[in-house]
Amino acid sequence: MEYVSTRGTVSSRGAVSSRGAVPALGFCDTLLAGLASDGGLYVPATWPRVAHGASNATFAARAAEIIAPFVGDEIDSATLQRLCREAYASFRDPLVAPLRELGENRWLLELFHGPTLAFKDVALQLVGRLFDHVLAARGERITVVGATSGDTGSAAIDGVKSCRNVTMVILYPQGRISEVQRRQMTTVQADNVHAVAVDGTFDDCQDLVKAMFNDAAFRDAHRLSAVNSINWVRVLAQVVYYFTAIEQLHMADSTPVSFSVPTGNFGNVLSGWIARRLGANVGHLIVGSNANDILTRFFETQHMTTASVVPTLSPSMDIQVSSNFERLLFEMNGRDGAATAAQITRFRKSGKLSVTAAQFGEWIRPVFRGHRCSDADTIATIAAVHREHGVLVDPHTAVGLAATAACAEPDEPVVTLATAHPAKFADAVAQATGVRVDLPAHLSGLMSAPERSTAVRNDLAAVQAFVASVSGAR
């Protein structure tokens with residue numbers, strides 16, 4: 001399997017970019033590269049078909065089976081299976097991503113049983129182990145830089161804190177994530193991880209990361225790699241739970257299962273689209289947005305227009321630039337990298353992006369639904385789910401459930417992704433229900449542990465100076 005950049009033109013020899021030649025990469029090089037050197041995102045050169053598996057297979061076994069075609073012969077089967085077993089051994093539920101029924105044709109997919117209580121653990125526990133395996137085999141070291149709107153940072157830090165060959169720097173928007181999310185990053189005392197508070201929004205943090213990757217001399221000098229969903233392997237690992245959810249429901253060969261996904265950066269819902277593209281029995285993909293509703297507005301109008309970021313009760317979705325949409329746009333453009341690059345360049349200059357009516361009719365309307373949810377609606381949904389089902393959900397999951405209620409047909413099987421443990425957003429849950437959710441036992445000392453963080457101004461030179469000061473890449 002080879003990987004090509006979304007800014008390249010696919011040919012029989014790999015990728016040619018409108019910004020210069022970008023060769024196709026193998027799995028391990030794609031893992032370590034993160035962002036393509038032309039600024040694009042890597043995607044597979046071809047899409048394989050992946051069959052549904054047995055409903056009683058372990059999550060780790062299914063992960064190895066689903067990921068294997070994308071790895072090829074670069075990591076042997078036994079090693080890949082071992083890395084998957086190790087990645088999911090620390091999850092508190094043996095199913096890793098279990099389903100909870102919420103009435104007829106409605107389920108929650110609980111993705112918060114990992115060490116940091118968020119769906120991103122599912123991918124990043126594996127990505128960290130893949131990093132260390134590949135780097136150890138090559139005798140190399142990298143500097144992983146990432147931006148977080150709340151959950152990616154803590155999951156990434158937990159995934160690599162024991163990696164001998166990785167230095168990690170995570171940028172987060174100061175004052176715009178929950179206290180639990182911040183402390184899950186800042187209380188980790190490992191010398192190879194660094195939490196950096198930026199005076200700005202998540203979009204600012206994401207732009208700083210991309211700018212560092214686009215500075216070729218800096219990128220090469222410090223061996224930069226990515227852990228955000230710009231990294232293809234992060235998106236790939238999330239594909240697994242779409243397959244396993246359908247297999248748990250025994251619906252692999254019957255009625256398609258729709259998924260409702262609370263999202264801001266489009267990575268999680270893109271994983272659902274990829275699962276559908278690979279052959280999973282996925283019906284509709286319902287996208288839940290908060291007040292930062294750029295995706296919902298796109299689904300309504302076929303025009304994507306940025307606005308100012310609005311702080312909400314679901315901060316991990318406080319995003320106006322959905323980076324992963326570029327991967328879908330690449331497919332919509334017939335894998336024409338030059339056209340994709342031109343569109344993205346115009347979008348970043350003007351804040352506006354449109355697709356043709358034909359593209360919208362072929363790629364978007366048959367698959368995607370969108371719904372926006374205010375903070376008041378979020379609180380009302382948390383309260384209603386607790387009152388009617390005795391279940392506590394976090395604000396992001398509540399956005400997904402509100403989208404399900406607004407967009408799904410009554411007889412349509414819908415799985416809503418429960419993306420975070422309610423204890424990560426205890427204040428919002430208490431406001432809605434009067435119930436104060438305690439952190440699980442393994443995080444009981446989190447709120448009293450000493451913190452370690454560095455404040456850096458929203459300036460590329462300042463951030464690069466910090467990264468250079470801690471980088472141990474060679």
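1. Start with R372 and D293: they form a salt bridge, with the closest N and O atoms 2.6 Å apart. (A salt bridge here is a side-chain nitrogen of Lys or Arg within 4 Å of a carboxyl oxygen of Asp or Glu.) R372 sits in strand β16 (residues 368–372) and D293 in the loop between β13 (282–289) and α11 (294–301), so the bridge ties together parts that are 79 residues apart in sequence. Helices (H or I, at least four residues) and strands (E, at least two) are DSSP runs, numbered from the N terminus.

2. A word on what you're looking at: this is a predicted model, where local features need pLDDT of at least 70 and side-chain atom pairs count only at pLDDT 80 or more, while totals for chains, interfaces and linings use all residues. Residues are numbered from 1 along each chain as its sequence is written, and side-chain values use heavy atoms, with hydrogens and water left out.

3. D293 has 11%, so it is buried. The cut-offs: buried is under 20% relative accessible area, exposed is over 50%, and partly exposed is in between (1.4 Å probe, protein chains only).

4. How many salt bridges turn up in the whole structure? The search finds 20. One of them joins D151 and K424, whose closest N and O atoms are 2.7 Å apart. That pair links distant parts of the chain, 273 residues apart: D151 is in helix α5 (residues 151–160), and K424 is in the loop between β17 (414–418) and α17 (426–433). Both D151 and K424 are buried.

5. Now have a look at R457 and D459, another salt bridge, with the closest N and O atoms 3.8 Å apart. R457 is exposed, at 58% relative accessibility, and D459 is partly exposed, at 27%.

6. On to the rings: the whole structure has 15 aromatic pairs. In one of them, Y88 and F91 have ring centres 5.5 Å apart and planes at 65 degrees, so the pair is edge-to-face. (Rings of Phe, Tyr and Trp, the last by its six-membered ring, pair if their centres lie within 6.5 Å; planes under 30 degrees apart are stacked, over 60 edge-to-face, and the rest tilted.) Y88 is buried at 6% relative accessibility, and F91 is buried too, at 8%.

7. Which residues do ring pairs link into a cluster? Y3, W47, F70, W232, W273 and W363.
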